[in-house]
Amino acid sequence: MVDFIREQEVVSLLENSNKTDKVEIREIIQKSRLCKGLSLEEVAKLLYIEDKELLAEMFEAAKFVKNKVYGKRVVLFAPLYTSNECTNNCLYCGFRRDNKELHRRTLTLAEIINEAKAIEAQGHKRILLICGEDPRTTNVKHLTQAMEAVYKAGDIRRINIEAAPMKVEEYKELKNAGIGTYVIFQETYNRDVYQKMHPTGLKADYDWRITAIDRAFEAGIDDVGVGALFGLYDYRFEVLGLLMHAQSFEKRYGVGPHTISVPRLRPALGWGLKEIPNEVNDDEFRKIVAIFRLAVPYTGIILSTRERADFRDELLSLGVSQISAGSKTNPGGYKEDDDKADQFEVSDHRSLSKMLETICDQGYIPSFCTACYRRCRTGEAFMEYAKEGEIHEFCQPNAILTFKENLMDYGTESLKNKGEKMISKALLEIEDAKMRILTKEKLKEIEEGKRDIYF
Ligand code: SAM
Ligand code: SF4
């Protein structure tokens, strides 16, 4: 049995943390503003904050850290579901094997390319390939062929993959085909709940899943994303479990997670649950996002369209750094809707263009940047840049350049209006004067039709 998650330790941490006095909480919040992260003990204490004033102070600190590390940038991507065939039976998922109502389908390479083109036509440059787990159809060959075909077919510049655990050799194939980040959610870090939620199939093996990140590292994939499905078990346990997992592989491989996703359980057609077992309300969810921001300042936080539009807008300031937009959760969904083929119900139905306008309205600059990945600033190299604050110097100009490109290629009049103002403002926010001049020069080159000139 793998011991990355010491459940008893998590339970004791939580038991000892629910009566922390205000002075100590304030000290932890103050410390978090140094952007050096927090210990599990400190996180456990923050998880019990209920007092409105303290919550407001913690949210303020999360905003501060988000701003300091990421500036006013939001990275955008879209999921591409290649298949909803699945041999597992995760009770919460619409794709589970026993859901007989689901219209099942695995896209052909031509269909995958069509979906990628439809996503690209919205203006995206970054895709997350997702599928169910069926060794006959959604194996590593399916994924590598899909990746290679999409990279070749158009101008998608980064493909991340969210798929079931694999062997080291298989991860090597993903690496060779050009994977960006490998994403996998443990769903729940509690073994008993995990067993109940995953009664049959390959996914029933908790250890095989939690060791997936290790095998990915061994294969040379050094950008990894983790997550927990909030709503399955006590959210406090999940936050600590996830951070303990992250610490364990950071210790072994020298790199923490590139991203943390915070999916919140949504109703799904034909799921095997009567209700959400441990529903997380909005107040608790805000706390989760803010605490991750403070605990691991250099790890991106990803928020999907599972959340409502107004709530997504609010969470941007609390620490979210990447969002999906214009998403479909059924294979073939960008060409044709089929609500009998969805994984779960999406809440935010805004198009990418509408989302970009909202991001600008909120004073953020949308980023379509994929430069780090293409310039080999991944894994340890990325973390070193990030922790020295240098990444900021690259990211702000790259966000401006890629947003400019997006406006030129896909912008509606109303988006162009807002976007150009935002770009001028963002240019002023580049602290290094030399970098500002260089960025202006590169902006000119983009206007002249030169591409791929990012920092
Ligand atoms: N099938 C692979 C796996 O399970 O690892 C790939 C990812 S699965 C298609 C995507 C993720 O969606 C799951 O890991 C789970 O966390 C999440 N998910 C499943 N059902 C959900 C639901 N009803 N509401 C919200 N998220 C859900
Ligand atoms: Fe299959 Fe993944 Fe859904 Fe589980 S979560 S049923 S493995 S698609």
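Q: How many of the five residues of strand 3 (residues 158-162) are buried?
A: This is a predicted model, in which local features need pLDDT of at least 70 and side-chain atom pairs count only at pLDDT 80 or more, while totals for chains, interfaces and linings use all residues. Residues are numbered from 1 along each chain as its sequence is written, chains are lettered from A and ligands numbered from 1 in the order in which they are written, and side-chain values use heavy atoms, with hydrogens and water left out. Helices (H or I, at least four residues) and strands (E, at least two) are DSSP runs numbered from the N terminus, and buried means under 20% relative accessible area, exposed over 50%, and partly exposed in between, with a 1.4 Å probe and protein chains only. Strand 3 is largely enclosed by the rest of the structure, because its buried residues number five of the five.

Q: In what sense do strand 2 (residues 126-131) and strand 3 pair, and over how many bridges?
A: Two strands pair if DSSP finds at least two bridges between them. Within this pair, Leu128 stands opposite Asn160 of strand 3. Strand 2 and strand 3 pair in the parallel sense, over five bridges.

Q: Through which helix does the chain cross from strand 2 to strand 3?
A: A crossover is right-handed if, with the strands pointing away from the viewer, the path from the first strand over the helix to the second runs clockwise. The β-α-β crossover from strand 2 to strand 3 is right-handed, and the helix it passes through is helix 6 (residues 140-153).

Q: Which residue of strand 4 stands opposite Glu162?
A: Strand 3 and strand 4 (residues 179-183) run parallel and are joined by three bridges. Together with helix 7 (residues 168-176), these strands make a right-handed β-α-β unit. The residue of strand 4 that stands opposite Glu162 is Val183.

Q: Which residue caps the N-terminal end of helix 12?
A: Helix 12 (residues 282-295) is mostly covered, with 11 of its 14 residues buried, among them Phe285, Ile288 and Leu294. At the N-terminal end, a side-chain oxygen lies 3.1 Å from the backbone nitrogen of Asp283, and the capping residue that supplies this oxygen is Asn281.

Q: How much of the accessible area of ligand 1 does the protein cover?
A: Of the 19 residues around ligand 1 (those with a heavy atom within 4 Å of it), Tyr92, Glu187, Lys203, Arg209 and Arg266 come nearest. A nitrogen atom of ligand 1 lies 2.9 Å from a backbone N or O atom of Tyr92, and a polar side-chain atom of Arg306 also lies 2.9 Å from a nitrogen atom of the ligand. By the Shrake-Rupley method with a 1.4 Å probe, ligand 1 on its own has 570 Å² of accessible area, of which the protein covers 96%.

Q: What is the phi of Glu187?
A: Glu187 lies in the loop between strand 4 and helix 8 (191-197) and counts as buried because its relative accessibility is 7%. Its side chain joins that of Lys203 in a polar contact of 2.8 Å, a polar contact within protein being a pair of N or O atoms within 3.5 Å, one able to donate a hydrogen and the other to accept it, with residues adjacent in sequence counting only if both atoms are side-chain atoms. Most residues other than glycine have a negative phi. Glu187, a residue other than glycine, has a positive phi near 75°.
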